[in-house]
Each structure stands twice: as C-alpha cells, then as structure tokens.
Amino acid sequence: MTHISLADRMPTLDFTPNALKDGIGVVPLILMAGFAETSTAASELVARGAVTIEGKQIIDPDHHILSCAFDDGEVLRLTVGGKSTMLIRRAD
C-alpha cells in the first residue's frame with residue numbers, strides 16, 4: 001500500500017526559509033495561489049472575512065505569516081471563500 005499525504009493531493013505553495021525571513025503577506029499569498037487577480041481584489045476578500053489560515057479568519061490585509069509558523073514542519077491551509085484551498089509550507 002502506498003501512503004499519499006494530504007500535501008500530495010492538494011495544491012501547495014512552497015517557500016524557501018529565505019523567502020519567509022521577513023514573513024509573507026496574506027495578500028501576496030492569495031495572488032500567488034491564484035485566488036484573486038489583483039491586490040485590490042485580494043484585499044477585498046480579506047476585508048470581507050472570506051480568508052482563513054488554519055481555520056482562523058484573517059481580516060487584516062497586512063497580516064503576515066512568519067517563518068516560525070513552520071518551525072515544527074507545519075503545513076498551513078489557506079482557504080478563500082470557503083471553497084478554494086492551498087497548502088503553504090516551508091521547503092527546507
């Protein structure tokens with residue numbers, strides 16, 4: 001039997017530790033995931049409360065995910081509009 005992890009079945013954004021050094025903003029994440037076409041549209045999604053990271057609603061467009069969020073090999077789930085999901089992980 002072959003084990004397939006959740007990360008193998010879901011779209012995933014991988015970031016190098018250097019890219020996460022100063023944190024990554026939620027608006028750029030939404031754009032990189034393809035869930036919005038412009039920064040304005042991504043900011044509006046956040047302001048409407050349509051964005052969650054690990055089930056926590058993000059309402060501040062300036063919210064950043066810091067590298068330490070991945071210290072234990074954590075994989076974070078970004079969800080937009082309750083339907084579109086992308087995993088975020090640090091590629092060590």
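Me: Are helices α2 and α3 roughly parallel or roughly perpendicular to each other?

Reply: The helices (DSSP runs of H or I, at least four residues, numbered from the N terminus, as are strands, which are E runs of at least two) pack at about 115°, with their axes 9 Å apart. Axes are lines fitted to C-alpha atoms, for helices over the stretch in contact, and angles run from 0 to 180 degrees between N-to-C directions. Angles under 35 degrees count as roughly parallel, over 145 as roughly antiparallel, 65 to 115 as roughly perpendicular and the rest as oblique. Helices α2 and α3 are therefore roughly perpendicular.

Me: What is left out of the side-chain values?

Reply: The model is predicted, with local features requiring pLDDT of at least 70 and side-chain atom pairs pLDDT 80 or more, while totals for chains, interfaces and linings use all residues. Residues are numbered from 1 along each chain as its sequence is written, and side-chain values rest on heavy atoms, leaving out hydrogens and water.

Me: Which residues of α3 make the contact with α2?

Reply: Contact means heavy atoms within 4.5 Å. On the α2 side, Val26, Val27, Ile30 and Leu31 take part. Their counterparts in α3 are Ser39, Ala42, Ser43, Leu45 and Val46.

Me: Which residue in β6 stands opposite threonine 52?

Reply: Strand β3 (residues 51-53) pairs with strand β6 (residues 75-80) in the antiparallel sense, over three bridges. Opposite threonine 52 stands threonine 79.

Me: What is the relative accessible area of leucine 29?

Reply: Leucine 29 is found in helix α2 and touches Leu13, Phe15, Ile24, Ile65, Leu78 and Ile88, not counting residues up to four places away in sequence. Buried means under 20% relative accessible area, exposed over 50%, and partly exposed in between (1.4 Å probe, protein chains only). Leucine 29 is buried, because its relative accessible area is 0%.

Technical notes:
Pairing = 2+ DSSP bridges.
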